[in-house]
Structures are given as C-alpha cells and as structure tokens.
Amino acid sequence: MEMKKISSGKLRGMGYDARARVLQVQLDDGSMLQYSGVGAEAWRGLSTASSPWSYYRDNIEEEYAAKRVSAADGSSEPAAGKKNPLDDLFRRD
C-alpha cells in the first residue's frame, strides 16, 4: 500500500487499498493502524479534507475498529528489536 506523508494533528501518513477496502494511518509516535471495511467515500473525505486529523477523529477513529500493525511489513507483530513499552507494566514474574 502506498503511503502519503502528511502532517496534520497526530497524523503523519495515510494510505488506502481500494480493492481490500483497508485504510492505514501512521501516527506521530510511529505506530501504524489499519481499518478494514473503509469505503472509497471515507478515503476521499480523509484524503481531501482541509483538516485530515479532524476528519480522521470524527469519521474514521469513531466509526471503524483499528488493528495495530508494524510500519515495516504490515504485520501485527512488533518490529524486530523494538520493545513494547507496555511490557514493563504487564510483566509476569
């Protein structure tokens, strides 16, 4: 999926796969989120909005379930060598 770089609120990138109806966004903390079942009209609205961050919050984030994926390969596994910051909080001793 081709990602378009942007700088709007916490959004740093976005891309859309029309065939799969999958929207992918990158946030300013480097995390990637995928939203399934997103129609072309929602993508058009996001990609042409004067404030993509506001459109995203109002029309994507609240309407679709997100799946966190890694930026490198689109998988839901953590990137190699990167530690999840929540590991220390939920460590099993």
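These legends describe close-up views of a predicted model.

**View 1. The largest nonpolar core.** This core holds 16 residues. Leu11, Leu23, Val25, Tyr35, Leu46 and Tyr56 touch the most other members. Two or more residues come from each of β2, β3, β4 (32–36), α1 and α2. In soluble globular proteins, nonpolar side chains tend to be buried together.

**View 2. Val25 and its contacts.** Residues up to four places away in sequence are left out here. Val25 then touches Met3, Leu11, Gly13, Met14, Ser31, Met32, Leu33, Tyr35 and Tyr56. Among these contacts, Leu11, Tyr35 and Tyr56 are listed with Val25 as the core residues that touch the most other members.

**View 3. Leu27 in strand β3.** Strand β3 spans residues 22–27 and includes Leu27. The relative accessible area of Leu27 is 16%. The cut-off for buried is under 20%, so Leu27 counts as buried. Beyond four places in sequence, Leu27 touches Lys10, Leu11, Arg12, Leu33 and Trp53. Ile6 is 21 residues from Leu27 along the chain, and their C-alpha atoms are separated by 10.0 Å.

**View 4. Arg21 in the loop between β2 and β3.** Arg21 sits in this loop. Its phi is positive, about 60°, although Arg21 is not a glycine. Most residues other than glycine have a negative phi. Arg21 is partly exposed, with a relative accessible area of 40%.

**View 5. Helix α1 and its cover.** Ala42, Trp43, Gly45, Leu46 and Ser47 are the buried residues of α1. Their cover includes β1 (4–8), β2 (11–17), β3 and α2 (52–61). Leu46 is also one of the core residues that touch the most other members.

**View 6. Ser47 in helix α1.** Helix α1 runs over residues 40–48 and contains Ser47. A polar atom of the Ser47 side chain lies 3.4 Å from the backbone oxygen of Arg44. With neighbours within four places in sequence set aside, Ser47 is in contact with Lys4 and Met14. Ser47 is among the buried residues of α1.

**View 7. The buried side of helix α2.** Which residues of α2 are buried? They are Pro52, Trp53, Tyr56 and Ile60. These residues cover an arc of only 95° around the axis, so they lie on the same side of α2. An α-helix has 3.6 residues a turn, so residues three or four places apart point the same way. The buried residues of α2 pack against β1, β2, β3, β4 and α1.

Note on methods
Residues numbered from 1 in each chain as written. Predicted model: local features only at pLDDT ≥ 70, side-chain atom pairs only at ≥ 80, totals over all residues. Heavy atoms only, no water. Helix = DSSP H or I, 4+ residues; strand = E, 2+ residues; numbered from the N terminus. Buried < 20%, exposed > 50% of the residue type's maximum accessible area, 1.4 Å probe, protein only. Contact = heavy atoms within 4.5 Å. Polar contact = N/O pair within 3.5 Å; in protein donor to acceptor, adjacent residues only side chain to side chain. Core = buried A, V, L, I, M, F, W, Y, C linked by side-chain atoms within 4.5 Å. Arc of directions from axis to C-beta.
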